[in-house]
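Please open the model in your viewer and keep the selection tool at hand. The tour below goes from one selection to the next and says what is to be found at each stop.

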Amino acid sequence: MSQLQLSQWDSWVDRALSQLASKRLLRSARPISLSPTPDLDVDVQTFDRPGPWDRSSVQVALDGPTFRQWLSDLPSASDADADADSNSDSDTNPQKLLLFSGNDYLGLSSHPAVSQAASKAAQAHGMGPRGSALISGYTNYHALLELSLARLKQKDHCILCPTGFAANMAFLTALASIPSLLSPTPSAPHPIAIFSDQLNHASIIDGIRLAERQSHAKLFVYRHSDMLHLHSLLSTCSITMKVVITDSLFSMDGDFAPLTQLVELRKKHGFLLAIDDAHATLVCGENGGGAGEYFGCEKDIDICIGTLSKAVGCHGGFIATSKRWKSLIQSRGRSFIFSTTIPVPVVAASLAAISVGRRERWRRRAIWRRVQDFYSLSGLPISSPIISIIVGTEEAALSASRHLLKSGFHVTAIRPPTVAPNSCRLRITLSAAHTVDDIKKLVATLSPWITTLNSNLLEFSKL
């Protein structure tokens with residue numbers, strides 16, 4: 001039954017595409033040719049070790065007034081601290097900080113090959129044609145980037161979107177269009193069942209909300225990474241069209257979705273499996289293919305959504321999938337259809353960054369060594385470059401952020417609505433551009449919160 005359901009998805013999408021074709025509503029992007037055409041397999045300049053440019057991706061500075069304003073916005077432990085800040089020389093001296101709050105996991109944003117590719121494209125084409133992909137904004141550069149991403153994700157096709165947020169919205173609105181294309185008056189009250197992890201990213205949540213508004217879609221939220229709960233929901237759901245969507249690496253907690261178990265459930269229940277691989281792309285897997293490659297299940301993932309704004313170090317979003325799904329998204333994905341495409345220099349930079357990210361494998365080894373370093377020094381049970389130190393109240397999180405800021409670290413407090421009340425936290429992200437010494441200094445500064453967190457974990461383990 002499950003294999004039949006999986007093949008039914010292909011049939012449903014094909015029928016939806018036939019309806020669009022019959023109404024002359026099937027759309028495709030035709031690239032404008034910009035000369036010279038970039039070579040997808042050209043050798044970009046690569047290195048076998050970090051260079052001085054890498055540090056610029058993790059070293060930042062705030063001008064004096066901005067630094068002082070930030071401090072004044074964060075609660076201090078005492079009035080004496082505030083008085084000391086007001087008497088500091090931060091009005092004139094830039095404050096240098098180590099960045100532990102970005103998502104440039106491999107440090108590629110400052111790589112010479114990436115900078116050179118963007119500069120060369122800008123000099124040749126400016127920002128490139130400004131328009132949506134279906135009108136005038138799609139070029140041979142964009143087509144090559146889609147091909148590169150499809151190869152990276154081991155998919156047949158890929159579609160670019162202006163952001164990762166827009167990519168999730170495009171997929172989910174295209175998904176929601178299927179029932180109305182198959183039947184003007186669906187007999188079932190909720191023709192599509194969408195199963196979403198409790199901690200999925202806001203772009204998934206908003207995309208599902210829009211899907212619910214535009215069609216007969218019903219949402220089922222399963223407890224975070226709880227496969228027994230998901231199995232129960234799937235087993236009792238009578239809706240034939242089932243979709244499971246999840247982050248692959250969760251942006252706030254830093255844990256991986258149980259993809260291997262999801263694949264087993266997919267075989268049993270025959271649902272369409274979509275993942276948001278934003279934080280795992282180029283970070284995980286021997287070739288940087290992401291969580292699917294890392295867990296060995298790339299072929300079992302139907303829709304792989306990602307971004308170019310994190311480990312790729314650039315900007316934009318994408319959806320790697322099959323030809324039929326690409327056609328549907330191009331014709332019914334609202335945030336794709338009604339958005340201007342990514343500027344050509346950014347596309348060129350992304351092409352270079354993906355090439356560098358695949359070839360400079362030492363960057364992936366370096367970031368996972370930093371993960372191991374943080375674990376060894378802190379004792380915290382972390383599983384990725386995203387480290388979540390939960391401190392509780394907003395005031396406690398802001399106070400911790402202030403302490404880090406004064407100690408030379410750029411780490412912002414994460415508060416509602418991003419996270420639930422009383423689960424405010426310091427979200428720390430590691431980069432291949434960080435050094436062991438950086439990690440040692442950070443862990444030393446975090447020691448009061450790490451000690452408390454480890455004590456809480458110990459008490460929890462005794463329950």
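Which residues line the second largest cavity? In this predicted model, select Lys-153, Lys-155, Ile-275, Asp-277, Gly-289, Gly-292, Glu-298, Ile-301 and Cys-304, and you will have the residues that form that lining. The space they line comes to about 50 Å³, and by class the lining is made up of three nonpolar, two polar and four charged residues.

Go on to the largest cavity, where about 80 Å³ of space lies. Its lining can be shown by selecting Ala-133, Tyr-138, His-142, Glu-146, Leu-160, Cys-161, Pro-162, Phe-336, Ser-339, Thr-341 and Ile-342. If you colour by secondary structure, look for helix H6 (140-152) and strand E3 (157-161), each of which supplies at least two residues of this lining. Colouring by residue class instead divides the lining into seven nonpolar residues, three polar residues and one charged residue. With these stops you have visited the cavities of 30 Å³ or more, of which the structure holds two.

The next stops are aromatic rings, for which the count comes to nine aromatic pairs. Select Trp-9 and Trp-325, which form a tilted pair with 6.2 Å from centre to centre and 40 degrees between the planes. This pair links distant parts of the chain, since Trp-9 belongs to helix H1 (residues 2-22) and Trp-325 to helix H13 (residues 323-332), 316 residues apart. Both Trp-9 and Trp-325 are buried.

Now move to Phe-256 and Tyr-294, an aromatic pair that is stacked, with 5.6 Å from centre to centre and 20 degrees between the planes. Here too distant parts of the chain are linked: Phe-256 is in the loop between strand E6 (241-247) and helix H11 (259-269), while Tyr-294 is in helix H12 (residues 291-295), 38 residues apart. Are the two partners buried or partly exposed? Phe-256 has a relative accessible area of 14% and is therefore buried, whereas Tyr-294 counts as partly exposed because its relative accessibility is 47%.

For the last stop, select Phe-220 together with Lys-218, and turn the view until you look onto the ring: Lys-218 lies over the face of Phe-220, at 5.4 Å from the ring centre.

Terms used: Residues are numbered from 1 along each chain as its sequence is written. This is a predicted model: local features need pLDDT of at least 70, side-chain atom pairs count only at pLDDT 80 or more; totals for chains, interfaces and linings use all residues. Side-chain values use heavy atoms; hydrogens and water are left out. Rings of Phe, Tyr and Trp (its six-membered ring) pair if their centres lie within 6.5 Å; planes under 30 degrees apart count as stacked, over 60 as edge-to-face and the rest as tilted. Helices (H or I, at least four residues) and strands (E, at least two) are DSSP runs, numbered from the N terminus. Buried means under 20% relative accessible area, exposed over 50%, partly exposed in between (1.4 Å probe, protein chains only). A charge sits over a ring if NZ of Lys or CZ of Arg is within 6 Å of the ring centre and within 35 degrees of the ring normal. On a 1 Å grid over the protein atoms alone, a cavity is a set of points where a 1.4 Å probe fits but cannot get out, and a pocket is an open set with protein on both sides within 12 Å along at least five of seven lines; lining residues have an atom within 4 Å of a point. Grid points are joined across faces, edges and corners, and a volume is the space filled by probe spheres set on the points. Ala, Val, Leu, Ile, Met, Phe, Trp, Tyr, Cys and Pro count as nonpolar, Asp, Glu, Lys and Arg as charged, and the others, Gly among them, as polar.
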